[in-house]
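Hi,

Here is the structure I promised to pass on. Have a look at it first, and then read my notes below.

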Amino acid sequence: MKVDYIALSVPIFFILIGIELFYDFYKKLKYYRFNDSISNLSQGIGSQVTGLFMKTALFFGYKYIFENWKLFEIPDTIWTWIILFIGVDFFYYWFHRMSHQVNALWAAHIVHHQSEEYNLTVALRQSWFQSWFAWIFYLPLALIGFDPLMFVTLSAFNTLYQFWIHTRTIKSMGFLEYILNTPSHHRVHHGSNPKYIDKNHAGTLIIWDILFGTFQKEEQEVYYGITIPLASWNPVWANVHYWAELWSTAKKTDNLKDKVKIFIMPPGWFPEKLGGFKPAPEIDVDKYQKFDSSYSSQIFFYVFFQFIIALIAASLLLFLYFKLETYALVFASALTIFTLLSCGALLENKLWVKHFEYLRILLGILGLYLFKDLAIFNTLAISLVVVQIISAIWFYLLQNKINNAPKISSV
């Protein structure tokens, strides 16, 4: 049986986020902002929801290579697990490194780097499309003959390890800094400072960066985010904006060769006609300012309520998706994404959210009809009805709060 260790770890993730958030409040560190954290967590929810449609295909891609083309019969021993752990980490390094050096791959991976904060919610800020190609880098392990379930298990734990290193509360780990990927090393990786860009691609072991020349020690203060800030809390735009930039640049080129190179060259590459390579700019400390937005306390509580609903919906999908018909899975997933999209728009005070939110609530009510024949409906129907009614009334009362909202302190 294939166990989804990442889905099972979600409660632990939120417990640890809560602990770090409490510490942040206690020490007055200001590592968290409400809008940024909601954006990060929305990306994580969206990644898990969209991943439901690819999980089986990706697993069977590895499994097909293993069953038909494997070169060796490898016994299930402790040494096999150790060697596979090292192999998974090694290929993760190259997948991660290439995701920073090929524009088409960076277009997906960029999502993880967009936050201008650095806390445990950033660990959950994941691309909705990266998993669709990441598995290809691991196929040599299937060809060698490593069992698919062993691979899935160790790949999941490689991902889980990386959760805790997204923190500023741990400064240095002594001699472990020479072996493991640590918070200090990974802070460097998330830096937009020119000296930190494309450094420390490790998953678990930092030795790969040391061996292949991509290691950088944390020295000067790290400024987080990407070189051209996203400046949006829109989770859909976050996943497609760089594709839009690449497409726009490709249309400005004169020949097919340059159009193709736009997608396969490193970020910052442009043809000579468009000015050639553009390196990352130095951080202007005096003018540096994080993207932020104003919203009322009423909007704060409404967004928080809707986010909790989206989180619950996504959690149910992760554990019950195999019981749903395709149409039901698509509808429930889309409604969850729409809820996250609405949260982002409300935090940005977008005018179109007034109409969009009513449409989303209407779709939620329609969903009650579509799911009426499912066994789970009997236990959730009343709750769903109440949520939609509360949302409709609450949002109606919020109409005059969406624009010209007074600024409140972000968490």
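Leaving out its neighbours within four places in sequence, His112 is in contact (heavy atoms within 4.5 Å) with Val122, Ala123, Arg125, Gln126, His166, His186 and His190. Before I go on: this is a predicted model, where local features need pLDDT of at least 70 and side-chain atom pairs count only at pLDDT 80 or more, while totals for chains, interfaces and linings use all residues. Residues are numbered from 1 along each chain as its sequence is written, and side-chain values use heavy atoms, with hydrogens and water left out.

Back to His112. You'll find this residue in the loop between helix 5 (103-109) and helix 6 (120-123); helices here are DSSP runs of H or I with at least four residues, numbered from the N terminus. His112 counts as buried because its relative accessibility is 6% (buried means under 20% relative accessible area, exposed over 50%, partly exposed in between, with a 1.4 Å probe and protein chains only). Two of its contacts involve other histidine side chains: the His112 side chain has a polar contact of 3.1 Å with that of His166, and another of 3.2 Å with the side chain of His190. By polar contact I mean a pair of N or O atoms within 3.5 Å; within protein, one must be able to donate a hydrogen and the other to accept it, and residues adjacent in sequence count only if both atoms are side-chain atoms. Tyr242 is 130 residues from His112 in sequence, and the C-alpha atoms of the two are 13 Å apart in space.

Now the aromatic rings. Rings of Phe, Tyr and Trp (its six-membered ring) pair if their centres lie within 6.5 Å; planes under 30 degrees apart count as stacked, over 60 as edge-to-face and the rest as tilted. That rule gives 32 aromatic pairs. One of them is Tyr118 with Tyr224, stacked at 5.0 Å centre to centre with 10° between the planes. Tyr118 sits in the loop between helix 5 and helix 6, and Tyr224 in the loop between helix 11 (207-211) and helix 12 (235-251), so this pair ties together parts 106 residues apart in sequence. Both tyrosines, Tyr118 and Tyr224, are buried.

Phe338 and Phe356 make an edge-to-face pair, because their ring centres are 5.7 Å apart and their planes are at 80°. Phe338 belongs to helix 15 (residues 326-347) and Phe356 to helix 16 (residues 353-370), so the pair ties together parts that are 18 residues apart in sequence. Phe338 is partly exposed at 29% relative accessibility, whereas Phe356 is buried at 17%.

Cheers

Definitions and conventions: Helices (H or I, at least four residues) and strands (E, at least two) are DSSP runs, numbered from the N terminus.
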